[in-house]
Amino acid sequence: MANITKKVSWSSRADETGILGEGTPLLNGSEQLTHSRQPSEGRSVFQIGRLSTVDLEEEITSDEDSQRGRPNEIPHNEKLLSLKFESLDYDNIENQLFLEEERRMSHMNFQCLEISRWVVCGLIGFLTGLIACFIDIAVEELAGIKYQVVKKNIENFTEVGGLSISLLLWAVLNSAIVMMGAIIVAFFEPIAAGSGIPQIKCYLNGVKIPRVVRLKTLVVKVCGVICSVVGGLAVGKEGPMIHSGAVVAAGVSQGRSTSLKRDFKIFEYFRRDTEKRDFVSAGAAAGVSAAFGAPVGGVLFALEEGASFWNQMLTWRIFFASMISTFTLNIFLSVYNKNPGDLSNPGLINFGRFQIDGVAYNFYEIPLFIAMGAIGGLLGALFNILNYWLTIFRIRYVHRPCLQVMEAMLVAAVTATVSFTMIYFSNDCQPLGPEDKKEYPLQLFCADGEYNSMATAFFNTPERSVHSLFHNQPGTYNPLTLGLFTLTYFFLACWTYGLAVSAGVFIPSLLIGAAWGRLCGILLAAITTPAPLWADPGKYALIGAAAQLGGIVRMTLSLTVIMVEATGNVTYGLPIMLVLMTSKIVGDYFVEGLYDIHIKLQSIPFLHWEAPATSHWLTAREVMSSPVTCLNRIEKVGTIVDTLSNTSTNHNGFPVVVQVSGSDEPEKLCGLILRSQLIVLLKHKVFVELARSRLTHRKLQLKDFRDAYPRFPPIQSIHVSQDERECMMDLTEFMNATPYTVPQETSLPRVFKLFRALGLRHLVVVDDENRVVGLVTRKDLARYHIGKHGLEELQLAQT
């Protein structure tokens, strides 16, 4: 975190129960605005509300616990901000080295850099498309084998009896496949769990999530999502593609792999947070494009998360990466489908094209669509609330890897059991048509030439189930089948999201919404006699899918375009937009979106776009952290080492001050320097005395800082002798001489906009004489967010 110091305190729950002791490193940021130094560590948490939190992503040994004086368990609260999450340095450090490098570069050098950016974006799109193609082919082949084996077994035992063996086979196959995916996630790379979208949202927001863009994370994510989908869980493979694309972008843009310890000596200029963030945006957009065949939707998705950092050329590069991604996937899938050149598979999910006659809608249907949006908002809020409490339960009781694997296997077995039971007791038999030859129709107890309609929804991959709900002819499903499927799949999907598996929530949400949306279409046709042509079940399935997805994830602009591009028809652009807006408004009244909930549950200091509307009376003086650890422009090496080694602060930014020689005036601000810069300077022994004694001393360049990026060595690994501690270090050449500052009377909304729009990590607060009085960091601002508790937090701050 930045160089702030805040008072260590207990949550009220801890005080009441007596579970915690006086050494718990919780930093209270709302109840008291006075500041004092207390011991804390990188895994401390930053307390905002009245409860407390748990951090289970990193294990601590008992020796470490005793040394740090912290308990084995800390109760959970989403309002705590974990100190292990650092901010990214999106602002360029304009020091003398940077300016000298810029002056040395010619116009041709800048043109080559721009060409390199386009090349990198092209590689990102190509590799993301290849990964999507690999996932799709692997899921299709493995799921096909599993369903054929189970189908054959069911057909054999239907006549002779003993279907319990088929149920056991289905449950065992699902559990075994899911077990493999859960093991690699829980034991090898826990950050690969889930869709990864909340983590990528935080990265684009300016938060450095540990291990989120590692090569190992990508491998586990890809293998894990294949196992999750093939294992029959209520998940989708589309969401994780966004995370996969971001990892690809982070790796390709750096021209090296820190995991494999290979440096290809290319793209070295891009080894900084500013450039890396732009490429990660392109990777996330390429992932959306590969998942849904929606390149424009991918651009808008990245735009919604990092709009303040964008420019026109960056937008074009991201769109280029998105187009390359969907084109690559198209080409390779056409070869796989033995129809080279047929570009009819733009994404992992193919909603199919709605015929013009079937999708026509009338003006008087718009209120019906808005009402469906409200239903989607209510169901989405219920889904998010249930998943929130399930996640709380997992954090408290299912935090060991072995328990996480066992839970994933249990969910897989229960999913297979529920699916089999629903199919077994369903008497919804439909004629088997030629369009069903590529699926896995189950006859079960139906007559010859018929298939069980419930099996079409359960005994299939989720993507094919969505497609059938959109495009099957009217009469394919009866209302009871759709109602029971919606009810059971809703709770299965809610239970599944949050498991220690790589999986997304997009397709389950679409499947749930398509089921109850098609049910609405059937009921509308039933209550209006004769049945009107406009009451098409497939049309209402599409609206229901959009409403349910919007009610859960609360995305509007990008999701509208994604749905329009995925269906290949712009006719329903307006209804989909209205439905998504309605579902978001209704859902936000009860609870936040699913991704925002999980961001809070991970105690990540996420910054919203705006400060609370009632916060203009708050000033930077009340928000800032103080006192601030400052360094002199020419500082003693021993002082720098001691400051960096102080585990009670663990600061990452230090204002540099100077005092006019021979004057009694207080020290005034002259720059800002980062912990990472100081570590590189100490590593290379950039001391004033040594520079004078070396005749052939090589001048430090920006390349030395880029070579150390992003895994800067810890201060404990830097050896400084006792004699070297007495040396002096001149920070003039390396500090940012023009840091952003604000007067202490600046209002919170102005501070918030400046911080958020410029992607700052530190904002220095000065008085009228340019003296440092405080420092505003991400964690200071993350306390004040728009939500149901915004006013309560402002009132706490005021008192």
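Start by selecting strand β13, where six of the seven residues are buried, so the strand is largely enclosed by the rest of the structure; buried here means under 20% relative accessible area, exposed means over 50%, and partly exposed lies in between, with a 1.4 Å probe and protein chains only. Strands (E, at least two residues) and helices (H or I, at least four residues) are DSSP runs, numbered from the N terminus. What you have open is a predicted model, in which local features need pLDDT of at least 70 and side-chain atom pairs count only at pLDDT 80 or more, while totals for chains, interfaces and linings use all residues. Residues are numbered from 1 along each chain as its sequence is written, and side-chain values use heavy atoms, with hydrogens and water left out.

Three strands form an open sheet with mixed pairing, in the order β10-β12-β13, where two strands pair if DSSP finds at least two bridges between them. Because β10 (631-632) and β13 (668-674) stand at the edges, each with a single partner strand, one side of each is left without a neighbour in the sheet. Strand β12 (residues 653-658) runs antiparallel to β13 and is joined to it by six bridges. To follow this pairing, pick Gly 653, which stands opposite Leu 674 in β13, and then Val 656, whose bridge partner in β13 is Gly 671.

Now select helix α25 (residues 675-683), which lies across β10, β12 and β13 and runs at about 75° to β13. Axes are lines fitted to C-alpha atoms, for helices over the stretch in contact (heavy atoms within 4.5 Å), and angles run from 0 to 180 degrees between N-to-C directions.

Move on to Arg 621 in helix α23 (residues 620-623), which counts as partly exposed at 36% relative accessibility. Leaving aside neighbours within four places in sequence, Arg 621 is in contact with Gln 744 and Glu 745. The side chains of Arg 621 and Glu 745 are joined by a polar contact of 2.2 Å, a term for a pair of N or O atoms within 3.5 Å where, within protein, one must be able to donate a hydrogen and the other to accept it, and where residues adjacent in sequence count only if both atoms are side-chain atoms. The C-alpha atoms of Arg 621 and Ser 747 are separated by 9.0 Å, although these residues are 126 residues apart along the chain.
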